[in-house]
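Please prepare a short briefing on the predicted model shown below.

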Amino acid sequence: MMSFRPELIGQCLYDRTWANNCNFMSSEKYRKEPNLDEFVSRYGGIYEHSPWVAEDCFVAAASVEDIHELATIFANCVGRAGHERKLALIRAHPDLAGKAAMSGELTEESGAEQASAGIDQCTKAEYEQFQELNAQYKDKFGFPFVMAVRGSSRQDILAAFASRLNNDKQTEFEAAINEIHKIARMRLQESGT
Ligand code: GUN
């Protein structure tokens with residue numbers, strides 16, 4: 001086992017090879033993955049199509065005590081990201097009842113979330129309502145509508161969708177990031193870790 005060398009911690013933060021060899025930082029803590037690749041393979045999908053969140057949190061995750069702390073570390077990492085990175089994160093989300101959903105191209109997590117809210121069971125009229133709202137929302141804000149839909153019905157979601165369309169862009173940007181954090185916490189809980 002390597003000895004603890006504080007002067008290497010900064011290097012671990014920025015260099016994937018070094019981070020993979022940072023086993024000396026693990027103790028009997030929550031994080032069980034001894035190297036970066038295993039950690040990212042386990043948590044890379046917590047933020048939709050954005051494994052950089054898990055990558056950036058690997059070293060900090062070595063000291064977390066439980067899943068709630070891990071969720072907070074992930075959320076703080078996203079919180080520190082710049083506007084463009086946050087925008088890309090929002091845009092990484094597929095439309096609800098959108099083309100990706102219809103053609104079976106959703107991530108497992110997104111597919112399960114949409115199905116849990118019955119979005120895969122839309123009537124023709126509801127499906128058309130989603131398409132209309134998706135188009136209006138993206139036209140107004142330049143990113144997709146994101147909502148943590150687990151526990152909501154299609155009617156709840158369509159009502160929230162129509163209501164949020166009245167907001168301004170900054171409010172919706174912040175709402176989307178908040179919803180993404182809720183989704184991430186639920187994904188972590190669902191992952192049973
Ligand atoms: N809410 C939960 N999952 C998703 C998703 O994949 N896309 C969007 N737009 N909202 C979600």
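Two residues are in contact if their C-beta atoms, placed from the backbone, lie within 7 Å. Over residues 17-27 the pLDDT is likewise below 50, and this stretch has 23 contacts in the model beyond near neighbours in sequence. The protein chain averages a pLDDT of 88, and 84% of the residues score at least 70.

**Basis of the description**

- This is a predicted model, in which local features need pLDDT of at least 70 and side-chain atom pairs count only at pLDDT 80 or more, while totals for chains, interfaces and linings use all residues.
- Residues are numbered from 1 along each chain as its sequence is written.

**Overall make-up**

- The protein chain has 11 helices and 0 strands; helices (H or I, at least four residues) and strands (E, at least two) are DSSP runs, numbered from the N terminus.
- Of the 193 residues of the protein chain, 30% count as buried. A residue is buried if 20 or more other C-beta atoms lie within 10 Å of its own, exposed if 12 or fewer, and partly exposed in between, with C-beta atoms placed from the backbone.
- Among contacts between residues at least 6 apart in sequence, 61% join residues at least 24 apart.

**The largest nonpolar core**

- A nonpolar core is a set of buried Ala, Val, Leu, Ile, Met, Phe, Trp, Tyr and Cys residues joined through C-beta atoms within 7 Å.
- The largest such core holds 39 residues, of which Y47, A54, F74, I180 and A184 touch the most other members.
- At least two residues of this core come from each of α3 (36-43), α4 (52-61), α5 (67-80), α6 (83-91), α9 (124-141) and α11 (169-190).
- The largest share, 6 residues, is supplied by α4.
- Because domain 1 (6-81) and domain 2 (93-190) both give residues to this core, it lies between them; the domain bounds come from an automatic or database domain assignment.
- Leaving aside residues up to four places away in sequence, F74 touches I46, Y47, V53, C57 and A184.

**Helix α5**

- The 14 residues of α5 should span 20 Å at 1.5 Å a residue, and its end C-alpha atoms are 20 Å apart, which agrees. The expected span of a helix is 1.5 Å times one less than its number of residues.
- L70, A71, F74, A75 and V78 are the buried residues in α5. They cover an arc of only 135 degrees around the axis, which puts them on the same side of α5; the arc is that of the directions from the helix axis to the C-beta atoms.
- These buried residues pack against α4, α6 and α11.
- The face turned away from the buried side of α5 carries the exposed residues N76, G79 and R80.

**Loop residues**

- Most residues other than glycine have a negative phi.
- H49, in the loop between α3 and α4, has a positive phi near 50 degrees. This residue is partly exposed, with 15 other C-beta atoms within 10 Å.
- A97 also has a positive phi, near 55 degrees, and lies in the loop between α6 and α7 (99-102). With 24 C-beta neighbours inside 10 Å, A97 counts as buried.
- R150 is placed in the loop between α9 and α10 (154-164), and its 16 C-beta neighbours inside 10 Å make R150 partly exposed.
- R150 touches E113, S116, A117 and M186, not counting residues up to four places away in sequence.

Methods:
pLDDT is the predictor's confidence in each residue, from 0 to 100.
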